[in-house]
Amino acid sequence: MNTPAPQKPLRPRRSCLAVPGSNPRFLEKAQGLPADMVFLDLEDACAPLAKEGARHLVVDALNNGDWTGKTTAVRVNDWTTHWTYRDVVTVVEGAGPNLDCIMLPKVQDAQQVVALDLLLTQIEKTMGFEVGRIGIEAQIENAKGLVNVDEIAAASPRIETLIFGPADFMASINMRSLVVGEQPPGYPADAYHYILMRILMAARALDVQAIDGPYLQIKNIDGYKEIARRSAALGFDGKWVLHPGQVDAANEVFSPSQEEYDHAELILDAYDWCTSEAGGKKGSAMLGDEMIDEASRKMALVIAGKGRAAGLTRTSKFEIPEA
Ligand code: GLV
Ligand code: MG
């Protein structure tokens, strides 16, 4: 029999806010925004000459800022650059206890995750930090990463998320569009369906979260919501936000509506009732016109869990059906 894997912390990540690590004003402002998760970026939002200084700004912001209620991560540079090890060493030695995850961009294979895992373990041991506490978020941003996504998800127990990086991905596969996340003109269906589903399956098989990446037209909130609804409908847990204006949109789209939440809680109550002694120990029941069973309960648990995590409260009560 397999040894059960250690329980991963389940963190809300409806909205994942990108904050350039080289900008003290943004590092300050991010702390007051209602994003579930923030990542301080040392990669593409940081110019090469600003990266060294940004490492220290990020350490200072993590240690002296107020990130209460938020999951914190730092995005380091990818392993094909010469910056990665110093990003990790400086940030984790300097602010490890105030950091939940390291985000690794452009992950191409399992070895890149293993390399980060080993480095984190050495730093944690050297510094006397709890070994294995810091998670890894892996960005899938090119064809090689997608082809290897199952091995990447399984490469370390530290993996908490798989993240779709549409901008780099579109460039990597020569997709003919310059508008990140938008459909390429001339293609009659959803050009992202396969990619999103591939990432989602790898994530669900390993019990990690699936996160959708950025939408760069930051003034177009309707456009943001439309794209976010696509991945939310499939089952993704959240999406990046690049601007304060996108935070509420992400929190809204990745939370169930009040109606969906109430419905899910009613299904759970109805199932509990019908399977109970008093309810006749039945395996299925009617809720209004709808037949529910164990599979309905599992689906309802997902929606109810998301609603509870989003702070929703019930507005309807289960009535015991008349015999
Ligand atoms: C994010 O990193 C992206 O490339 O879309
Ligand atoms: Mg990218």
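**Stop one: an arginine and its partners**

Select R198: leaving aside neighbours within four places in sequence, R198 is in contact with L146, V149 and D150, where contact means heavy atoms within 4.5 Å. You'll find R198 in helix 8; helices (H or I, at least four residues) and strands (E, at least two) are DSSP runs, numbered from the N terminus. Now show the side chains: that of R198 makes a polar contact with the side chain of D150, at 2.7 Å. A polar contact is a pair of N or O atoms within 3.5 Å; within protein, one must be able to donate a hydrogen and the other to accept it, and residues adjacent in sequence count only if both atoms are side-chain atoms.

A word on ground rules. This is a predicted model, in which local features need pLDDT of at least 70 and side-chain atom pairs count only at pLDDT 80 or more, while totals for chains, interfaces and linings use all residues. Residues are numbered from 1 along each chain as its sequence is written, chains are lettered from A and ligands numbered from 1 in the order in which they are written, and side-chain values use heavy atoms, with hydrogens and water left out.

**Stop two: the core**

Next, pick L40, L62, V74, I102 and L162, which touch the most other members of the largest nonpolar core, a set of 66 residues. Such a core is a set of buried Ala, Val, Leu, Ile, Met, Phe, Trp, Tyr and Cys residues joined through side-chain atoms within 4.5 Å. Helix 8 (residues 193-205) supplies the largest share of this core, six residues. Zoom in on L162 and, beyond four places in sequence, you'll see it touching A138, I199 and I211, among others. A second, separate core has 13 residues, including L266 and A304.

**Stop three: the metal**

What coordinates the magnesium ion (ligand 2)? Select E141 (OE) and D168 (OD), at 2.0 to 2.1 Å; donors are N, O and S atoms within 2.8 Å of the metal (3.2 Å for Na, K and Ca), and sites may look incomplete, as water is not among the atoms. E141 sits in the loop between strand 5 (135-140) and helix 5 (143-147), and D168 is in helix 7 (residues 166-172), 27 residues apart. E141 is buried at 3% relative accessible area, whereas D168 is partly exposed at 23%. Buried means under 20% relative accessible area, exposed over 50%, partly exposed in between (1.4 Å probe, protein chains only).
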